[in-house]
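Me: Please go through some labels attached to this structure and say what each one rests on.

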Amino acid sequence: MKRTLPEILPAGCLFFIFLGDSLLIHQDGDQLTLPSEIPEPLRDKVTYHRFLNSNTDLYPSLVVDLNQDTTLVDATFISLRSLYPHIEDKQLTQAGRALQILRWNRNHQYCSRCGQKVKESSTEPAKICNICGLVSYPRISPAVIMSIIDGDRILLARNRRFSAGKYSPLAGFVEAGETMEQAVRREILEEVNLKVDNITYFGSQPWPFPHSMMVGFTTRYSGGLLQIDNDEIVDAQWFTRDRLPPILPPQSSIARKLVDHFLSGQ
């Protein structure tokens, strides 16, 4: 269904125009930039849009979802993962927020309690059921990611889904009823059979793959013999500052920030 687009938007508004999970960008050689408006040929292809106000860290933006059958000559659509080396962190964060809003809209057209069609709130990202009154918000799944340090070495692992040569700190979702620290201990024990202590909060990062909030911790190895689960994890090794794996996580990811924190000797 065609959506009427807003006529007036604030100066500096970013446009996140999605076809499926891929984002429209302008490409000039290696330079990638976001569009400054919705291209005229796409205006009648818009099935959903929502304006997102700025806050202390993010820009005002218009999130746009295109009809799946949309085609545009000379247009470049790119996945968010492919964008990581190319645009600034704040724009990446906002692009992730935009995609999460679109996925939420696509997947929450009906009330999960009574099955009736829902309407969208005009004041906040929320879906409201007119029949039973249930209010639904975009899904956020908390996950922990943690470095394991033992003196001058760090444990990094290869997930089954990683490209060849890539290693990263361990990560996993928080289960119902767990604290973050309990999730850290459980994930490490399940995946590599190690025990840790000195669990210290490091930072957090929204991670739209598909709707995670990554909460980072540093930990200290306290015991156990390294043994991978051979399910999610296919290899795990201790690395030193002068012997690292060939591929590390993207520079702007919290996974890489944990590795860089270790490399800095802090």
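This is a predicted model: local features need pLDDT of at least 70, side-chain atom pairs count only at pLDDT 80 or more; totals for chains, interfaces and linings use all residues.

Reply: Residues are numbered from 1 along each chain as its sequence is written, and side-chain values use heavy atoms, with hydrogens and water left out.

Me: Why is serine 61 called buried?

Reply: Buried means under 20% relative accessible area, exposed over 50%, and partly exposed in between (1.4 Å probe, protein chains only). Serine 61 has a relative accessible area of 0%, so it is buried.

Me: What makes the pair of serine 61 and glutamine 94 a polar contact?

Reply: A polar contact is a pair of N or O atoms within 3.5 Å; within protein, one must be able to donate a hydrogen and the other to accept it, and residues adjacent in sequence count only if both atoms are side-chain atoms. The side chains of serine 61 and glutamine 94 make such a contact at 3.0 Å.

Me: Why is asparagine 198 partly exposed, and why is asparagine 230 exposed?

Reply: Asparagine 198 has 48% relative accessibility, so it counts as partly exposed. Asparagine 230 has 53%, so it counts as exposed.

Me: What is the phi of asparagine 198, and what is that of asparagine 230?

Reply: Phi is near 50° in asparagine 198, a positive value in a residue other than glycine. Asparagine 230, also not a glycine, has a positive phi of about 60°.
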